[in-house]
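Look at the fold below before reading on. The paragraphs after it go through its parts in turn.

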Amino acid sequence: MTAVIETRGLTKYYGTVRGVDDLDLVVEKGEVFGFIGPNGAGKSTTIRLFLDFIRPTAGAARVLGLDTRADSIEIRRRVGYLPGELAMYERMTGREMLRHFAALRRLDGLGEAVEIAERFDLDLDRRIRSYSSGNRQKLGLVQAFMHGPELLILDEPTNSLDPLIQQDFYTMVDELQEEGHTFFVSSHVLPEVERIADRVGIIRRGRLVVTETVAELKAKAVRRLELYFSEPVGDDAFAALPSVRAAVSHDGGRAIELTITGSVDPVVKLASRYEVERLVSRDGELEEAFLAYYEEDGRAR
């Protein structure tokens with residue numbers, strides 16, 4: 001595999017305040033890498049270091065095989081970048097702003113901007129100052145994608161987007177990845193990154209605490225589920241499952257609250273022996289797993 005982004009000991013302090021500390025990271029060609037952490041964790045600082053908007057206190061980074069300090073102009077030309085905080089030319093129309101970016105990138109025309117804008121249902125002939133926050137985000141995405149960059153660095157890409165446009169964005173990521181493009185996607189929303197990423201890096205207080213595949217991350221995730229049965233069911237059998245950390249029964253055994261780590265399959269199969277009247281979970285994937293098993297087993301309700 002070819003490293004598209006590589007850092008060694010990358011560190012940035014703002015005076016005595018830590019931005020990023022001793023970051024070692026490799027993003028391979030053709031993968032979608034999710035960069036997860038709460039606000040203020042160091043995600044945007046890391047991206048600014050990649051693009052030489054700020055200089056590191058220590059360490060070094062290479063993007064597309066180029067040194068981020070010596071070759072910053074070439075890197076910016078070849079990368080599609082969406083900042084977390086959009087600054088736009090308010091008096092321009094969307095089309096005029098895209099023409100400005102096209103000229104900077106030496107494109108012949110607007111590249112793929114018009115097609116992408118149509119896909120996002122974005123009117124390019126309105127003044128940017130009249131755009132809603134969602135339309136500003138769409139315009140930011142269009143300028144990032146318009147020149148077909150080999151690497152896209154996207155900071156909180158679905159901010160302010162409605163659910164339908166979010167799905168269009170996810171589909172575009174899938175399509176471009178199939179063509180060999182690489183993505184570095186920063187977000188504080190784990191389910192979003194799980195939807196599109198191959199691997200995830202979690203950063204807290206400027207330090208990278210873990211880098212794992214999405215499958216590995218899901219296997220370690222703690223999930224909570226409440227099952228309501230038509231008749232009392234003992235919680236001992238559920239508590240004995242290796243993926244169940246805790247099982248607490250209520251309502252005379254007719255309801256069981258489960259805390260699950262790892263695979264949910266054993267829980268689904270055990271629950272299917274009984275008549276489940278209702279399940280409550282904030283984990284949509286877990287609910288889908290139950291429904292899929294019940295339909296396959298001919299016991300859907």
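Predicted model: local features only at pLDDT ≥ 70, side-chain atom pairs only at ≥ 80, totals over all residues.

Six strands make up an open sheet, and their order across it is S6-S7-S8-S3-S9-S10. The pairing in this sheet is mixed. At its edges are strand S6 (79-82) and strand S10 (207-213), each of which pairs on one side only. On average, neighbouring strands of the sheet are turned by 15 degrees against each other, direction ignored.

Strand S3 (residues 32-36) and strand S8 (residues 182-187) run parallel and are joined by five bridges. Within this pair, Gly34 is opposite Val185 in S8.

Helices pack on the sheet as well. Helix H5 (residues 133-145) touches S6, strand S7 (151-155) and S8, and its direction makes about 170 degrees with that of S6. Helix H6 (residues 163-178) lies across S3, S7 and S8, at about 150 degrees to S8.

How is a pair of packed helices described? The angle between the two axes and the distance between them are used. For helix H3 (residues 94-104) and H5, the axes come within 10 Å and cross at roughly 30 degrees. Angles under 35 degrees count as roughly parallel, so H3 is roughly parallel to H5. The crossing of H3 past H5 is right-handed. On the H3 side, the residues that meet H5 are Gly94, Met97, Leu98 and Phe101; their partners in H5 are Leu139, Val142 and Gln143.

In soluble globular proteins, nonpolar side chains tend to be buried together. The largest nonpolar core here has 40 residues, and Leu139, Phe145 and Phe183 have the most contacts inside it. H6 gives the most to this core, with six residues. Leaving aside residues up to four places away in sequence, Phe183 touches Glu31, Val32, Phe33, Phe145, Leu151, Leu152, Leu154, Val173, Leu176 and Gln177. Another core lies apart from the largest one; it has 26 residues, including Leu10, Leu49, Ala61 and Leu66.

The last stop is a loop. Lys29 is found between strand S2 (17-28) and S3.

Key. Residues numbered from 1 in each chain as written. Heavy atoms only, no water. Pairing = 2+ DSSP bridges. Helix = DSSP H or I, 4+ residues; strand = E, 2+ residues; numbered from the N terminus. Axes fitted to C-alpha atoms, helices over the stretch in contact; angles between N-to-C directions. Contact = heavy atoms within 4.5 Å. Core = buried A, V, L, I, M, F, W, Y, C linked by side-chain atoms within 4.5 Å. Buried < 20%, exposed > 50% of the residue type's maximum accessible area, 1.4 Å probe, protein only. Parallel < 35°, antiparallel > 145°, perpendicular 65-115°, else oblique. Left-handed = near helix turned anticlockwise from the far one by under 90°.
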